[in-house]
Amino acid sequence: MNQEMPSNPKSVEDIFRDYSGRRAGIVRALCYDVHEVYELCDPEKENLCLYGHPNDMWEVTLPAEEVPPELPEPALGINFARDGMDRKDWLSLVAVHSDSWLLSVAFYLGARLNRNDRKRLFGMINELPTVYEVVTRKTPMKDKPVMDIGSKSKVSTKRSSDGQVKSNSKHVDEGYGEDEDEHSDTLCGTCGGSYSAEEFWIGCDICERWFHGKCVKITPAKAESIKQYKCPNCSMKKSRQ
């Protein structure tokens, strides 16, 4: 029996939030948790898929058993190509398939949107770099950016050994332009966007990933009062424990 479409389709904003969360999970998997993903994708196992979940998490697992599935499924059998390709090329291939899957899920959820809303949804999605773009402009095997971005940016934050936030808004290195180029491969742990000295960034004291303030809803003023910042993912892990 064919699966029924939801009678009340989600709004453009709801679908975009779903897309952004799934995309963030996949970006994390292919850029920061590379070693773990690589080990999980054992060619000796059955057909495996890489899923991104709306809560910014990822999962490598078997495809859904129900037919037809509740949502479009990711590329099947990504593990089989792992050992036959250069690791960088394999990650790029998974990234391309992941982009295709993310779009298919978004437009499945938005199938009942009108023409203007579909156009607006795609416009919002198109403002973000694709997973492929994020993966191919970053060294795949670098697990996470741990450099001290804070001392290089007018608006980023830096932490001392006691966890206090220090602002660098008044002190800029003479080699400011060179420093920005040096850290241009740093990506936001949520949206995958590249580092820019013109934007406010904040680093997680637990996983040491960096984030746009706007992506984790932290303003420079709010950051000043935070003694130890935990990103949404680390906060979620702690609450589960």
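**Ground rules.** I count two strands as paired if DSSP finds at least two bridges between them. Helices (H or I, at least four residues) and strands (E, at least two) are DSSP runs, numbered from the N terminus. This is a predicted model, so I noted its limits: local features need pLDDT of at least 70, side-chain atom pairs count only at pLDDT 80 or more, and totals for chains, interfaces and linings use all residues. Residues are numbered from 1 along each chain as its sequence is written, and side-chain values use heavy atoms, with hydrogens and water left out.

**Strands 1 and 2.** I looked up this pair and found strand 1 joined to strand 2 (residues 58-61) by four bridges, with the two running antiparallel. Gly52 has Trp58 as its bridge partner, and Tyr51 stands opposite Glu59. Five residues sit between the strands of this hairpin, and Asp56 takes a positive phi near 75°.

Next I checked the side chains. In a regular strand they alternate between the two faces of the sheet. My cut-offs: buried is under 20% relative accessible area, exposed is over 50%, and partly exposed is in between (1.4 Å probe, protein chains only). In strand 1 (residues 49-52), Cys49 and Tyr51 point one way and Leu50 and Gly52 the other, yet all are buried.

**Helix 3.** How far apart are the end C-alpha atoms of helix 3? I used the rule that the expected span is 1.5 Å times one less than the number of residues. The 23 residues of helix 3 (residues 87-109) should therefore span 33 Å, and the end C-alpha atoms are 33 Å apart, which agrees. At the start of helix 3, a side-chain oxygen of Asp86 comes to within 3.0 Å of the backbone nitrogen of Lys88.

I also listed buried residues of helix 3, among them Trp90, Val94, Trp101, Val105 and Leu109. The buried residues of this helix pack against helix 1, helix 2 (34-40), strand 1, helix 4 (115-126) and helix 5 (131-136).

**Asp18.** Is Asp18 buried or exposed? Asp18 lies in helix 1 (residues 12-31) and counts as buried because its relative accessibility is 8%. A contact here means heavy atoms within 4.5 Å. Leaving aside neighbours within four places in sequence, Asp18 is in contact with Lys10, Pro54, Val105 and Leu109.

Not counting residues up to four places away in sequence, Ile218 touches Phe200, Ile202, Gly213, Ala223, Ile226 and Tyr229.

Tyr229 sits in the loop between helix 7 (220-224) and helix 8 (232-240), and counts as buried because its relative accessibility is 5%. Its C-alpha atom is 7.3 Å from that of Gly203, 26 residues apart along the chain.

**Whole chain.** Last, I noted eight helices and six strands. Of the 241 residues, 44% are buried.

Terms used: Polar contact = N/O pair within 3.5 Å; in protein donor to acceptor, adjacent residues only side chain to side chain.
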